[in-house]
Amino acid sequence: MTETSTLPSVQPDELELYRRELTGYCYRMLGSGFEAEDAVQDTMLRAWRSSSQFEGRSSMRSWLYRIATNVCLDMLRGRKRRARPMEMGPSSPPDPGHIGEMLPEHLWVTPIPDAHVVPGDGDPAEIAVTRDTVRLAFITALQHLPARQRAVLILCEVLRWRAAEVARLLGTSVPAVNSALQRARATLAALPDTARPRTVAAGQAALLDRYVAAFERYDMSSLVTLLHEDALQSMPPYAMWIRGASDICAWMVQPGPDECRGSRLIPTRANGSPAFGQYRRDPDGGHMPWSLQVVEISGGLISELHMFLDTPTLFPAFGLPAHLPA
């Protein structure tokens, strides 16, 4: 971030080089894949319109992050924080009577495709950090922080900016940055277990193959052996969530959820984790979109299953087919 530019103006293709990392930054700030894309588009537009004013006294990267931060702070002003179902209330028994009403999109953390935020190549250690810091639990934990504290924590601890650089970006002092960082760390440390990021493993092919086989057969006796005893399942946009492998599998065979029998799973990646597009049987033939499943793995077993039901917007964003033939 110490490089300088001698260009009198900025070209659009130069700005595009930063789109993926800016999307990751805005996603951590906003907790919504769709809002992150909008924020980056706004950042690019503002940068292009003011490109003649860029004189190279700071790096282009710093300049773009300053614009993106202002965009995100504007978007967050006056808003409630986004959350996962685990932050909205206690777990429920595996009974459809507890499912409740669908919540509006602005209340819950939405997933994002890995391809939009994780580098396709480069330093494996940096890629691993990127994946860890876009996981659903980490994104949710960040939402507990005031917007400027959130920016400080992301810039200092995720992107490894120096306090002096963050102070210049935010127009504040180094002591103020260090104070905000200390308060942010304390807030995250005080969160309950269900709101804290777990230590998770990268995708494990054999376990995922067994999960797909068990789910597509709807074999609950096999599926339960792949889950941690205290595994979690959520189904945004519903606030209901379930804790425990046996309760999760009991839920799957309840009237309503049992209609997922005969589903097909198409692999993808979301939030640094393995994910699947789930397609239920279509009465008119083939299979139709039902949920985007995000799978967290820890200690060789599945620790969390998040099934996002907003398929009309999520499946196109992930490049998943609108329908599977018979």
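Predicted model: local features only at pLDDT ≥ 70, side-chain atom pairs only at ≥ 80, totals over all residues.
Biologist: Why is the count of disulfides zero?

Modeller: A disulfide needs two cysteine sulfur atoms within 2.5 Å. The sulfur of Cys-26 has its closest cysteine sulfur in Cys-72, at 3.6 Å, which is too far for a bond. Seen from Cys-72, the closest cysteine sulfur is that of Cys-26, again at 3.6 Å and too far. By this rule the count is therefore zero.

Biologist: What makes Cys-26 count as buried or exposed?

Modeller: Buried means under 20% relative accessible area. Cys-26 has a relative accessibility of 0%, so Cys-26 counts as buried.

Biologist: And what is Cys-72, buried or exposed?

Modeller: The relative accessible area of Cys-72 is 0%, so Cys-72 is buried.

Biologist: Where do the axes of helix α4 and helix α9 run relative to each other?

Modeller: Helix α4 covers residues 60-76 and helix α9 covers residues 163-170; their axes come within 9 Å and cross at roughly 55°.

Biologist: Why are α4 and α9 called oblique to each other?

Modeller: Angles under 35 degrees count as roughly parallel, and 65 to 115 as roughly perpendicular. The crossing is at roughly 55°, so α4 and α9 are oblique to each other.

Biologist: Which hand does the crossing of α4 and α9 have?

Modeller: The crossing is right-handed. On the α4 side, Ser-62, Tyr-65, Arg-66 and Thr-69 make the contact, and on the α9 side Arg-168, Leu-169 and Leu-170.

Biologist: How do the residues of the contact of α4 with α9 divide?

Modeller: Three are nonpolar, two are polar and two are charged.

Conventions: Residues numbered from 1 in each chain as written. Heavy atoms only, no water. Buried < 20%, exposed > 50% of the residue type's maximum accessible area, 1.4 Å probe, protein only. Axes fitted to C-alpha atoms, helices over the stretch in contact; angles between N-to-C directions. Helix = DSSP H or I, 4+ residues; strand = E, 2+ residues; numbered from the N terminus. Parallel < 35°, antiparallel > 145°, perpendicular 65-115°, else oblique. Left-handed = near helix turned anticlockwise from the far one by under 90°. Contact = heavy atoms within 4.5 Å. Nonpolar A, V, L, I, M, F, W, Y, C, P; charged D, E, K, R; others polar.
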